[in-house]
Amino acid sequence: MKNTVAYRSLIQYAGLLGVLAFLIVVFALSSENFLQTRTFISIANQIPDLTLVAVGMTLVLVVGGIDLSVGSILAFSSAVLGALMVDWQWSLWASIPFCILAGAACGLFNGCVSVLARIPSFIVTLGMLEIARGGTKLVTHSQTKYIGSAVESIGQPIAGLSLSPAFLMAIAAVVGGQLLLTRTVFGRYCVAIGTNEEAVRMSGVRPAPYAIGVFVISGVMCGMAGLTYASRLSTADPNAAIGIELSAIAACVIGGTSLMGGRGNVINSFLGVLIIAVLQTGLAQIGVSDPMKQIITGSVIVVAVLLDALRSRWGNSAAG
């Protein structure tokens, strides 16, 4: 059984890496500037926000939930950081815990209302999307706050390494998220809850703490993403990260995470982020217009969802 699971995981990794390599080859042949070190360094330093959000989204999807509020929570967290540093003149390191705590609090609200009140997470997080965005505008007075160089060090490449601390933070989150999901009791229970929550309950395990926990983790990831977003642009923007929830869900689905719960892989979600980033960067370099980029990216997402549905049906047929 373990050998079969490992084999399937290996096939999935190989497939995603194959898609990534295919895109790189296509854009390398289409643009003479694509296959350059600076292109890949640029991609690496632009994806920490989406990567962090996708880590949390993977865990939420695994338990059978969904979080539509991640973009607004990211913006709210960065707004808290900006207000503390600009209005209150706090240092960066004193402000960071409150930035992350703001995201965690939003995630805790999502989890408690959704799980304890038994309200679909789609509805709860849709409400939080508006609440957090409104809170962001209140904190920033609907104006972009320029934080300045104090926060830029997190988003700027390290001398001699060409990669930013934000990127390294995102990679650490991917590794930590994968270990949490695959190597801990918490992760195994999350998969079981997404597969059959009633069976978990009948086995004597309370699903609520685990389901709430993944929303809190998602909030923490959004808080960290708020920090990396602010460091990259040196600002706290009330309109930050609009639509990032769709990109995060797309990355997870491309990586093979099931929208029905019970199946997910954080590393695969990261590969999904890379595929989206390479696709968007390559399309931009060959001069594709923004509307066409949206159409092409959306089409890739639809194909990924269709493949996921077919994979589930084949799996059920084989089990039957």
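**Reading a predicted model**

User: What makes α10 largely enclosed by the rest of the structure?
Analyst: In this predicted model, 21 of the 27 residues of α10 are buried, so the helix is largely enclosed by the rest of the structure. Buried means under 20% relative accessible area.

User: Which residues of α8 are buried?
Analyst: Helix α8 spans residues 165–183. Its buried residues are Ala166, Phe167, Ala170, Ala173, Val174, Gly177, Gln178 and Leu181.

User: Why do the buried residues of α8 line one face of the helix?
Analyst: Seen down the axis of α8, they fall within an arc of 130°, so they line one face.

User: Why is the pair of Phe27 and Phe34 called tilted?
Analyst: The ring centres are 5.6 Å apart, and the planes stand at 50°. Pairing needs centres within 6.5 Å; planes under 30 degrees apart count as stacked, over 60 as edge-to-face and the rest as tilted. So the pair of Phe27 and Phe34 is tilted.

User: What kind of aromatic pair do Phe34 and Phe40 form?
Analyst: Edge-to-face: 5.7 Å centre to centre, with 75° between the planes. Phe27, Phe34 and Phe40 form one aromatic cluster.

User: Is Phe34 buried or exposed? And what does Phe40 count as?
Analyst: Phe34 has 0% relative accessibility, so it counts as buried. Phe40 has 30%, so it counts as partly exposed.

Note on methods. Residues numbered from 1 in each chain as written. Predicted model: local features only at pLDDT ≥ 70, side-chain atom pairs only at ≥ 80, totals over all residues. Heavy atoms only, no water. Helix = DSSP H or I, 4+ residues; strand = E, 2+ residues; numbered from the N terminus. Expected span 1.5 Å × (residues − 1). Buried < 20%, exposed > 50% of the residue type's maximum accessible area, 1.4 Å probe, protein only. Arc of directions from axis to C-beta. Phe/Tyr/Trp six-rings, centres within 6.5 Å; stacked < 30°, edge-to-face > 60°.
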